[in-house]
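Subject: Structure for your files

Hello,

Here is the structure I said I would pass on. My notes on it follow below.

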Amino acid sequence: MLKYLCALLLLCISYAWSELTTQGCRELGFIKNQLIAHCRECCTLDQLPAAHRRYPMAILEVCTCKFRAYPQIQAFIKSGRPAKFRNLTIRYVRGLDPIIKLLDSNGNVKETLSITKWNTDTVEEFFETHLEKHESLGNKQSFSVIEEEDDDDDFLKSNLV
């Protein structure tokens with residue numbers, strides 16, 4: 001009896017690990033080429049791979065209370081590096097880990113990226129690669145900084161429930 005159970009178990013395991021042949025799929029009602037064509041009907045390709053896309057604007061959001069946890073982000077913000085990017089806005093949002101929001105020309109957020117593990121050079125290189133280039137403004141500050149707003153009624157900003 002034990003031999004039969006072992007043989008049955010071995011048969012079940014081998015069946016589970018085996019792949020169906022083309023004929024086996026047809027017998028089950030699946031025709032590979034028809035499935036692929038049907039599956040791809042709703043797929044769309046991006047115009048450009050993510051590595052080549054450029055955005056007209058970006059927002060770097062972070063909480064100043066998180067600077068101790070993310071000194072590389074503090075170093076980027078406090079250095080002169082953000083001044084290279086006229087279309088960059090730095091926004092201080094209470095309690096937020098550092099993120100980058102990439103926006104289209106209408107100001108709609110197209111991508112949001114966590115930058116908690118990025119170093120200062122990576123942040124700068126990312127903006128050089130993914131932000132559209134604008135002419136230099138000389139010694140003027142070319143990026144903007146938005147301080148967090150004090151709104152005690154907004155529990156999401158104040159972390160009060």
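In helix 4, the buried residues are Gln72, Ile73, Phe76 and Ile77; buried means under 20% relative accessible area, exposed over 50%, and partly exposed in between (1.4 Å probe, protein chains only). Seen down the axis of helix 4, these buried residues fall within an arc of 135 degrees, so they line one face of the helix; the arc is that of the directions from the helix axis to the C-beta atoms. As background, an α-helix has 3.6 residues a turn, so residues three or four places apart point the same way. The cover over the buried residues of helix 4 includes strand 1 (57-62), strand 2 (88-92) and helix 5.

Before the rest, the conventions. This is a predicted model, in which local features need pLDDT of at least 70 and side-chain atom pairs count only at pLDDT 80 or more, while totals for chains, interfaces and linings use all residues. Residues are numbered from 1 along each chain as its sequence is written, and side-chain values use heavy atoms, with hydrogens and water left out.

The protein chain has six helices and five strands, where helices (H or I, at least four residues) and strands (E, at least two) are DSSP runs numbered from the N terminus. From the N terminus on, the order of elements is α-α-α-β-α-β-β-β-α-β-α. Of the 161 residues of the protein chain, 25% count as buried. Of the contacts in the chain with a separation of 6 or more, 76% come from residues 24 or more positions apart; contact means heavy atoms within 4.5 Å.

How do helix 4 and helix 5 cross? The axes of helix 4 (residues 71-78) and helix 5 (residues 120-130) come within 8 Å and cross at roughly 55 degrees. The two helices are therefore oblique to each other, the class left after under 35 degrees (roughly parallel), over 145 (roughly antiparallel) and 65 to 115 (roughly perpendicular). Axes are lines fitted to C-alpha atoms, for helices over the stretch in contact, and angles run from 0 to 180 degrees between N-to-C directions. On the helix 4 side, Gln72, Ile73, Ala75 and Phe76 meet Thr120, Val123, Glu124 and Phe127 of helix 5.

Glu124, in helix 5, counts as buried at 10% relative accessibility. Leaving aside neighbours within four places in sequence, Glu124 is in contact with Phe76, Arg81, Lys84 and Phe85. The C-alpha atoms of Glu124 and Lys84, 40 residues apart along the chain, are separated by 9.1 Å.

Regards
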